[in-house]
Amino acid sequence: MTGASGVLGRAVVPRLERDGHDVRRSSRHPKAGWVRADLATGEGLAEAVAGVGAVVHLASATKRYRKAPEVDVAGTRRLVTAAQRARVDHIVYVSIVGIDRIPFGYYRHKLAAEKVLQAGQVPYSILRATQFPQLVDERFLPLASRLGVLLTDPGITVQLVDPRDVADRIAGLLAGGPSRRVENLGGPEVLTSTRLVREWLRATGRRRPVLSLRLPGRTARVMREGALTTPDQPTGTRTWRDYLAERYARSPVRDSQA
Ligand SMILES: NC(=O)c1ccc[n+]([C@@H]2O[C@H](COP(=O)([O-])OP(=O)(O)OC[C@H]3O[C@@H](n4cnc5c(N)ncnc54)[C@H](OP(=O)(O)O)[C@@H]3O)[C@@H](O)[C@H]2O)c1
């Protein structure tokens with residue numbers, strides 16, 4: 001598995017082990033028992049995939065989007081080549097809902113990585129997930145709240161999915177074998193960005209004015225049209241409120257920490 005150390009990887013590993021899989025974890029900074037592999041250079045990939053039946057590919061340049069061409073696109077190509085040589089039967093790749101509609105550079109690279117899999121020789125399944133609550137809680141909203149006021153476009157909706165729900169679907173894809181298609185997975189509810197922000201402020205104990213406005217530009221327009229959501233496939237079970245309750249029930253963040 002690539003990306004085993006990440007938010008999703010940490011949910012997928014125990015889920016697959018529960019199904020009896022022997023999971024080989026790869027990382028650039030391996031812990032004891034893991035293997036070292038770097039998608040950006042190809043180092044360690046051949047060893048990482050040698051003798052495995054399936055690869056779950058979760059690694060991505062999420063922390064430094066400018067590395068996405070090397071890590072996500074060329075790195076996925078390197079991984080597919082190594083997997084083909086090792087006669088791997090199945091690669092499961094996790095992508096993002098709406099990448100074909102939303103004009104973000106990172107999304108363009110995720111789409112290119114999907115195409116690498118589709119053009120390769122290793123049977124694949126591609127699972128596009130919506131955003132994880134951790135991303136919104138730990139990265140987007142703390143960053144956005146630095147302005148002192150939180151700006152939201154109430155027309156923009158999201159459908160956050162818990163990584164444990166994504167892990168369940170990955171387990172199902174592994175059990176079912178390569179689907180050779182792209183499928184979407186979203187959380188159980190579609191929320192306006194305003195509600196998302198208000199529930200986060202309440203749960204974390206932060207105080208910020210929330211200012212609603214209609215954001216300009218194409219990206220905001222397609223998001224208002226629902227590009228971040230997949231309401232026909234709401235197979236996740238855990239809600240944003242469930243996440244916030246689990247994360248903050250005992251220790252809401254004080255405003256001074258915001
Ligand atoms: N976060 C979301 O809301 C979201 C939503 C939908 C889909 N996704 C997709 O789900 C996948 C997992 O996301 P995540 O949120 O779990 O990511 P994350 O927590 O940011 O973890 C990123 C992972 O990528 C690995 N990585 C980065 N550069 C690498 C390189 N050069 N070589 C090998 N590994 C590298 C890291 O491993 P080491 O540092 O250990 O090497 C780490 O395990 C990604 O493909 C992402 O696009 C995420």
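## Residue classes in the shell

For the classes used here, Ala, Val, Leu, Ile, Met, Phe, Trp, Tyr, Cys and Pro count as nonpolar, while Asp, Glu, Lys and Arg count as charged; the others, Gly among them, count as polar. By this scheme, the shell around the ligand holds 14 nonpolar, 10 polar and four charged residues. The model is a predicted one.

## Composition of the shell

The ligand is surrounded by 28 residues, and the closest are Ser5, Ser27, Arg28, Thr62 and Lys110. At least two shell residues come from each of the elements α1 (7–18), β4 (90–96) and α4 (105–119). Of the contributions to the shell, that of β4 is the most, at three residues.

## Polar contacts and burial

In threonine 62, a side-chain N or O atom is 2.4 Å from an oxygen atom of the ligand; for lysine 63, a polar side-chain atom lies 2.9 Å from a ligand oxygen atom. Phenylalanine 132 contributes through its backbone, where an N or O atom lies 2.8 Å from an oxygen atom of the ligand. The ligand taken alone exposes 900 Å², of which the protein buries 91%.

## Annotated region

An unreviewed UniProt entry lists residues 3–132 as "domain: NAD(P)-binding". Over residues 3–132, the chain is 38% helix and 16% strand. The C-alpha atoms at the ends of this stretch are 15 Å apart.

Technical notes: Residues numbered from 1 in each chain as written. Predicted model: local features only at pLDDT ≥ 70, side-chain atom pairs only at ≥ 80, totals over all residues. Heavy atoms only, no water. Near = heavy atom within 4 Å. Polar contact = N/O pair within 3.5 Å; in protein donor to acceptor, adjacent residues only side chain to side chain. Areas by Shrake-Rupley, 256 points an atom, 1.4 Å probe, with all protein chains shown as cover. Helix = DSSP H or I, 4+ residues; strand = E, 2+ residues; numbered from the N terminus. UniProt positions renumbered as here; feature names shortened; annotations may be inferred.
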